Amino acid sequence: MDFDTLFKGQLDDLRAEGNYRVFAEMERACGRHPHAVNRGPDGAREVTVWCSNDYLGMGQHPEVVESMVNAARSCGTGAGGTRNISGTATHHVALEAELADLHGKEAALLFTSGYVSNWAALGTLGSRIPGAVILSDALNHASMIEGIRHSRADKVIWKHNDPEDLNRKLAAIPADRPKIVAFESVYSMDGDIAPIAEILDVCEAHGAMSYIDEVHAVGMYGPRGGGVSEQLGLAHRITLIEGTLGKAFGCFGGYITGSAALCDFIRSFSSGFIFTTALPPAVAAAAQTSIRHLKTSDVERKRQREQVAKLRKRLDQLGIPHLDNPSHIIPVMIGDPVKCRMISDILMRDFGIYVQPINYPTVPKGTERLRFTPGPQHTDADIEHLCAALNSLWKQCALSRQVA
């Protein structure tokens, strides 16, 4: 069989649908966030990045950078293998204690990414708890879906952010079966926030374990950056809080927090932990520095919220359609994959604005969008430049406006 012909055929189909992904080569300039250097066919030029998940620019914070550099000089660049084989670095132990404190839990466990922490934790819980049923929000992230699939546990899908539907689905399951309710706090594509208190009420009424993904919320919400669950004073009611070090904390890696027994259970039975090389100690050191900083500093969060509000206001004034939500994520709706790709390309080529198109399968067909994440380092001039560019393209492409 000619496998390359098969591969190319399916890639051609993807291009024809407008869903082929093109990576922009970006070189981040330390101290210049959100500006970066784009290296393309026509050479290198500076662009403004509007789609980074380094929401607060902590990946370039001087203290975080210095912490990583110092730890690398002290410990070297790699962990040397899995924690079972090469041992647990002091920086791993310190970071896990920092994360447990952040969420008010007894313990934490590090993974190599937020994807892996969801896949490993849900996969282990579903497979190791006899008779478990996992109830998953309809819009849960692919990592959660894959973890549930990997567990081979029975799965029930409940309507997105609908506690009443969750209650009905839980009531239909025998009372003596273990139940795990998996959901997110901030949903990354629509930017909506779960009704966490109501969901927890339902979980507690049915004796279900609550599992929340806070990857788009940690560092961003709560007085110490503990996420939406901290902001609402609900963290103590949640069985397992999962998060990432790769977004607002500006580093790399994922984690879970919960009781000491829960974290030890995942540590002892999860192949996604046991057989994976540990985070480099320097990464762990930088992440701990970032978390400590955001536990006491609200400057970055306040400035970020101000810039989000300014961009929303200007989009409203211009009639640029965007999803109204209470989070920091601003999805500007296009509704067509080809136009979405084209507008993204023009923004980069003509205006020096980098924002990736979000197409299927990340979002359903017909809901293609540009996803903007304003940060504290975006200036008012950056916002005005972006909005002027969007306004020009809306005229040029004859796109519909949003009536106020």
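Trainee: Is Trp50 buried or exposed in this model?
Mentor: The model is a predicted one. In it, Trp50 has a relative accessibility of 1%, so this residue counts as buried.

Trainee: And what about Phe372, buried or exposed?
Mentor: Phe372 is buried, with a relative accessible area of 1%.

Trainee: How many aromatic pairs are there?
Mentor: The count comes to four aromatic pairs. In one of them, the ring centres of Trp50 and Phe372 lie 6.4 Å apart.

Trainee: Why is that pair edge-to-face?
Mentor: The ring planes of Trp50 and Phe372 stand at 70 degrees, and a pair counts as edge-to-face over 60, so this pair is edge-to-face.

Trainee: Where in the chain do the two residues sit?
Mentor: Trp50 is in the loop between strand E3 (43-49) and helix H2 (62-75). Phe372 belongs to strand E14 (residues 369-372).

Trainee: Changing topic to helices: how do H4 and H12 cross?
Mentor: Helix H4 (residues 90-103) and helix H12 (residues 281-296) have axes that come within 9 Å and cross at roughly 30 degrees. Angles under 35 degrees count as roughly parallel, so H4 is roughly parallel to H12. The crossing of H4 and H12 is left-handed.

Trainee: Which residues make the contact?
Mentor: From H4, they include His91, Leu95 and Glu98. From H12, they include Ala284, Gln288 and Arg292.

Trainee: How many of the contact residues are nonpolar, polar and charged?
Mentor: The contact of H4 with H12 has nine nonpolar, three polar and four charged residues.

Technical notes. Residues are numbered from 1 along each chain as its sequence is written. This is a predicted model: local features need pLDDT of at least 70, side-chain atom pairs count only at pLDDT 80 or more; totals for chains, interfaces and linings use all residues. Side-chain values use heavy atoms; hydrogens and water are left out. Axes are lines fitted to C-alpha atoms, for helices over the stretch in contact, and angles run from 0 to 180 degrees between N-to-C directions. Helices (H or I, at least four residues) and strands (E, at least two) are DSSP runs, numbered from the N terminus. Angles under 35 degrees count as roughly parallel, over 145 as roughly antiparallel, 65 to 115 as roughly perpendicular and the rest as oblique. A crossing is left-handed if the near helix is turned anticlockwise from the far one by less than a right angle, and right-handed if clockwise. Contact means heavy atoms within 4.5 Å. Ala, Val, Leu, Ile, Met, Phe, Trp, Tyr, Cys and Pro count as nonpolar, Asp, Glu, Lys and Arg as charged, and the others, Gly among them, as polar. Rings of Phe, Tyr and Trp (its six-membered ring) pair if their centres lie within 6.5 Å; planes under 30 degrees apart count as stacked, over 60 as edge-to-face and the rest as tilted. Buried means under 20% relative accessible area, exposed over 50%, partly exposed in between (1.4 Å probe, protein chains only).
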